[in-house]
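Take a walk through the model below.

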Amino acid sequence: MSVIADIKPFPAADLAALRRAATGREPWRSLDELADTAEFRRFVEEEFPAIAERLPLSLDRRTLLKLMGASLSLAGLTACSEAERIVPYVHQPENVVPGKPLYYATALSSDGYGIGAVVESHEGRPTKVEGNPDHPASRGATDAIMQAAVLSLFDPERSRTPLKQGEPASYGDFLKDMAKLAGGLAASGGQGLALLIEATTSPTTKAQIGSLKQRYPRLRVYRHDPLAASANEQATAKLFGRPLTPIYHFDRADVVVSFDADFLGEEPGRLAYARDFARRRRVRQSTDTMSRLYVVESTPTITGAAADHRGAVKPSAVEGVAVAIKAALEGGLHAASLSPPSLEWTHALVDDLRIAGRNALVVPGPHQTPFVHALAFAMNARLGAVGNTLDFIEPPDAMPIDGDLAALCQAITTGSVDSAMVLGPNPLRTAPSDLDVRKAFSKLELLVHWGLYRDETAFLAQWHIPAAHELENWSDIRAYDGTVSIVQPLIQPLFGGKSLPQLLAVLGGEFNADMQALVRATWAAMDEAGWRKALRDGVVPNSASAPVAVSMPADIGAPKPHASVADRLEVRFVADPWLRDGRNANSPWLQELPRPLSKLVWGNAAVVSPATAQRLGLENGQVVNLGRGGKDIDAPVWIMPGQPDDTVTLSLGFGRKIGSVAALAGGYDGFALRTTDAPWFADSLMLTARDSSARVVTTQHHQAMEGRAIVRYATLDAFRQNPHFVREGVPPAPTESLYPDWKYDQEAWGMSIDLSACIGCMACVSACQAENNIATVGPDEAALGHEMHWLRIDRYYAGAVDDPDILFQPVPCMHCEKAPCEVVCPVNATIHTHDGLNAQVYNRCIGTRYCSQNCPYKVRRFNFLEYQEFDKDSAGPQQAVHNPDVTVRSRGVMEKCSYCVQRIVEKRIRAQIENREIADGEVVTACQQACPTQAITFGDLNRKGSGVAREKAAPHNYALLEELNTRPRTTYLGKITNPNGLIAGKPGTETGNG
Amino acid sequence: MAEAVAARAEKAVPRAPVLRGRHDFPEISGRISAIVLQGRLPRFFWAAFFVCFAFVLLFLYSITYLISVGVGAYGINIPVAWGTMISSFVWWIGIGHAGTLISAVLLLLRQPWRASINRFAEAMTLFAVAMAGLYPILHLGRPWFFYWLLPLPNTHMHWPQWRSPLVWDFAAIATYATVSLLFWYMGLLPDLGVLRDRAKSRPAQLFYGILALGWRGSAFHWARYRTVYFLMAALATPLVVSVHSIVALDFTFAITPGYHSTIFPPYFVAGALLSGFAMVLTIAIPLRWAFAVEDLITLRHMENAAKLMIAAGMIVIYGYASEAFFAWYSGQPYERAMMAQRAVGPYAPLFWIMLFCNCIVLQLLWLRSVRLNMPILFSIALIINVGMWLERYVIVVTGPSRDYLPSSWGEQSLTWLDFGILFGSLGTFFALVFLFIRILPAITIFEVEELIEEKSGAA
């Protein structure tokens, strides 16, 4: 009331103007939309000039939010003239019980492909993404990016209002303009209009584009997806006469060879692939078998880290390796062939492939050349693997496309296109550097941009329409295998965003199309029960694409000759694993999530090998100037073991300064060096060292285990000889203690982590952050070592620095039986619970930090500053993402992994209501639930035969630092690899206990 | 000429006298009380006081900043979550110890030379403990809840966790502060009586009169006084050992490499005496020069303090050696690696500077000429002060920065706030010393008079 009282003395003219804005033909959808009108801006300028100055794209969140507060109260005032129908709960809606979350199945997009999700919603507020067990691409798992979807939904810097020439305008005005345009189009048959879409598999979008093309025969549709790779399409089109998409069955593969394919980290089917792959490598007793993975790669990936044999070669050399292996497979390898890693290596690999036969699988990397794909498919065909470990399906992302971004620019330049609608992508940022998109787009008469953010393209556009977030809209999407999911909203569009089908419908003359109706129309053949089932299950039954029978031609062509210059540096482009092409750059969770191998946060670096760094005299953080094709960038160096020599890996996605979170991050813009002809790798990179250095923030500073038995690992042969290899050469764990043992009448929770299964994908860390309201701290604080992740994945290198073994170890709290932290806390803030947890009581903690000093695992995290916003007025929409079941911690208190105690308690309450025991597997921790390889098992150790008890009974179960007598409840299963005993350097009986 | 002869004579005797020259009671009472009661103090006194006062303001600003922003403003992090607040705390506690040793232990051992330095040494203890007591509070993430360490029955249902050395620590420091204050005040009573009697102005008479608690100097008073003072001394003496031993247990009790060592309690006590006597010299040398009381605080005092320093210092060096030896002898890879990292790792410069200060420079004190040369002795005292601070810092940070899992290895940095609080507290400490000199007799009047009595009796 006081706010309204405060604004009474406004001149009547202003109020009238505001009312006009509010009572226009198009009703305003949100208060914010109204608040962003020109009248309102003028009013703000007159009344609050200090704030008005900071209005345009202010990075000051606090001011922005204050202003929002003011604008909302004003808008409320104007709304008094028309009664708004608000219906309070007279009868409580069915299924909504305050405090009890609801779960909805939907699918999230990953480079256009769907991954099924089940989203937890608290009173209408989505807070957590889980995988959908029924969805083929998820199988219950998620990746790190999916976890962050709930945060980007509530990003206060998302575009909030349509903009016309950069000025806030109403959606009604946009529709008017579009109606005019549509009128003209109908007459000209779509002449001059182009759509630019990104990679999508949506059947609705496909159908809409199809009908638009029917309606406007001269309409042109282009696709720009900076992370799409065309090599597979080209190769299959050439081999089979039409583009086909391979899908792999790692569960059937005994021997896998990857040519630069990061199938565990990059491909749309990665979660399913990881699950299948890990299932074939699950060893609990000496009779178990394992698959074997060979990886030839041009930059270190988590797939390479999981390999039994990993060869790092320059990107241009992968083709040569593939040629040699194929030649060897056909019995034609001789010394004069192209150079493989070594002859011995090649023969051993080929023997393995031959033995495996149809259970072998050769996977080409999407970023490699079409010829590598042809070679790989030919090898699979020769081995008989096609139809067994490898299937071809119709491309799920097939769209009636007329060309790519270059073609669009060409069309604009020649004048055949004068209006364009950019639906999703941000070509001004992500285009190849040899394509002057800005110049071309500036010639357009009309440029409409639809997107989540007011990005570079939006700034150039005449019209910008805010997009609905994927948790806000209705759509449909195909998974990697073609399975369709209906995307349903978890919440009404927060900022009045529109869905892609809505925009396409506008073009077709449907101005007030309902989001849901547009999708429902695509699936009109489905009856209501079927529709509801599809929504509930998250998949449309039997919608997976059937495998296509192919016949492999004898002639697969020849490699494109390329002038290989041996002494030149090559450049390899990769997408940042979390930011992708930069679309997630404004997500603090993803910025601060350590990259799997480099452990870098808040920035990227130019990755070089130790030998190359030595040769060029480079050190970590040193700035180098990288030049290619007349463009150059400055980037800090990061030396990474396992990187091929003379190859610089640059990542895309950083260097973006739109959005206050993205602006905090360091790093360079990799797109600046990327050209149309060489999107993924190229030679002739010029590197000039500079004298300066730049900050590169990492969360792990030491990479070697220092001879300590931290990650214990052995080969399969060694495991068979000695299943208890984890005990070899390590001191026995002491058993005596001054304190009596704890007694457990009920459950005794415990966790087991299988290091053979862990691929280091970081999904668990991201899930933990989302579940437990873990704060992000920003680059400055992260550089000081103040990051807050409760769960971290340690990455160690072992062996030779040029060809290291890469080992991952997830480290949550160990929940020690004899916890060193418990005895030193002076205020009883960390205590042992009746069910074995080592609990942290936040409101008792006074912050002596003694517990952390005394924790040998250093898993405790301290709120050094106020990392969370507690003032509800300035906290902004992001506070809605918080899990209401978990306390938000304030400054000065210690926190750590709680084994997701809130989930335990929830299940216990349910079990008590139902008067039963908690079932085995009923309590699932957030990390466990997200894990694509099911490396984490959690449960009751008191229960005989529980999953976790079985895991801990495995012979290679060990506790980290057990000689300290902390008796951790979190234990590990030693990592078992399956190298080929015939390959030197990897003797078959190797074990490594530090 | 006469001075030169006297100096030569002084050098010739094996020990410098406790008092120099001829004195009588009124002269002593007058001279010592004049420092307090005379209206004007020399200009340098106030100049020095205001320099210190500027640091008091820095201290207040730093504390305000800390409380409003949070402990993240220090350089601490994970893994090294303790920093200068702990090392400075240990350092200040150590400084306090020399005062207690001088006043209580030497009293019980009937060492007459303590008489003219015990008062300011006790004051030094008190102020050092006051500074030390602030540090653990300023170290806390939520300093406003420091009282949760107390066993107070309250509605929070909060009770200390008695296994934690921090609780013992809290009790030890609180005991130490209380006993030191009482002991100091008890010792002041006769002198407060003197000041009351000699004060000319009414406010001063009232002020000292109230503080003197009706001291009249009767034989009864003296008899009671003696009994209580000796009892208090007997109470305070074990504290010299116990307080710092308990502080050392903060480290010993932890399993962190570099902390987990049973040598710490005795070695910390020796270190405390070393740094404490260094601080005594740091204060006494300028004091006796500035107030021309070289005949009361004589070279004998200075030399004895220096001798105690080298005695304590050699124990400390033994501590260093044994720490290193047992790290190796334990066979524990973690301890060994930590020790090696201490010598060659990121904190190695601090480690070697510390060894230079505390081991090499200390050896100069074997030379009598050095012990009797006040400028050199003063410099050595300062160097030892720095060295002892570094020792505590090296112990606090190197262990956790190189502990069990190399993935967590990391270093902390130091920020302006770390230094702001350290130097602010130093300034506050010296400002308190100045105020003390201004308000209370810095040299014990009656004990010096006793010395004169004994001396004349002996003559």
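Start with two domains of chain A. The C-alpha centres of domain 2 of chain A and domain 3 of chain A lie 27 Å apart. The model is a predicted one. Where the two domains meet, domain 2 of chain A supplies 13 residues and domain 3 of chain A supplies 17 residues. On the domain 2 side, helix H13 (residues 302–306) of chain A gives the most, with three residues. That side of domain 2 of chain A has six nonpolar, six polar and one charged residues.

Now place these domains in the chain. Chain A is divided into domain 1 (2–81), domain 2 (245–393), domain 3 (569–698) and domain 4 (712–993). Its secondary structure comes to 34 helices and 40 strands. Chain A has 994 residues, and buried residues make up 56% of them.

Next comes the partner chain. The contact between the chains takes 45 residues from chain A and 40 residues from chain B. On the chain A side, the elements that give two or more residues are strand S30 (792–798), helix H30 (820–824), helix H31 (850–853) and strand S34 (861–862) of chain A. By class, this side of chain A has 21 nonpolar, 14 polar and 10 charged residues.

Turn to a sheet in chain A. Three strands form it, in the order S1-S2-S3 (chain A). The sheet is open, and the pairing is antiparallel. Its edge strands are strand S1 (102–110) and strand S3 (125–131) of chain A, and each pairs on one side only. From one strand to the next, the twist averages 40°. Look at one pairing in detail. Nine bridges join S1(A) to strand S2 (residues 113–122) of chain A. Within this pairing, Tyr104(A) has Val119(A) in S2(A) as its bridge partner.

Finish in the core. In soluble globular proteins, nonpolar side chains tend to be buried together. The largest nonpolar core here has 423 residues. Which of its residues touch the most other members? They are Ala606(A), Met124(B), Phe277(B) and Val280(B). Take Val280(B) as the example. Leaving out residues up to four places away in sequence, Val280(B) touches Ala98(B), Ile117(B), Ala121(B), Met124(B) and Ala305(B).

Methods. Residues are numbered from 1 along each chain as its sequence is written. Chains are lettered from A and ligands numbered from 1 in the order in which they are written. This is a predicted model: local features need pLDDT of at least 70, side-chain atom pairs count only at pLDDT 80 or more; totals for chains, interfaces and linings use all residues. Domain bounds come from an automatic or database domain assignment. Two residues are in contact if their C-beta atoms, placed from the backbone, lie within 7 Å. Helices (H or I, at least four residues) and strands (E, at least two) are DSSP runs, numbered from the N terminus. Ala, Val, Leu, Ile, Met, Phe, Trp, Tyr, Cys and Pro count as nonpolar, Asp, Glu, Lys and Arg as charged, and the others, Gly among them, as polar. Two strands pair if DSSP finds at least two bridges between them. Axes are lines fitted to C-alpha atoms, for helices over the stretch in contact, and angles run from 0 to 180 degrees between N-to-C directions. A nonpolar core is a set of buried Ala, Val, Leu, Ile, Met, Phe, Trp, Tyr and Cys residues joined through C-beta atoms within 7 Å. A residue is buried if 20 or more other C-beta atoms lie within 10 Å of its own, exposed if 12 or fewer, and partly exposed in between; C-beta atoms are placed from the backbone.
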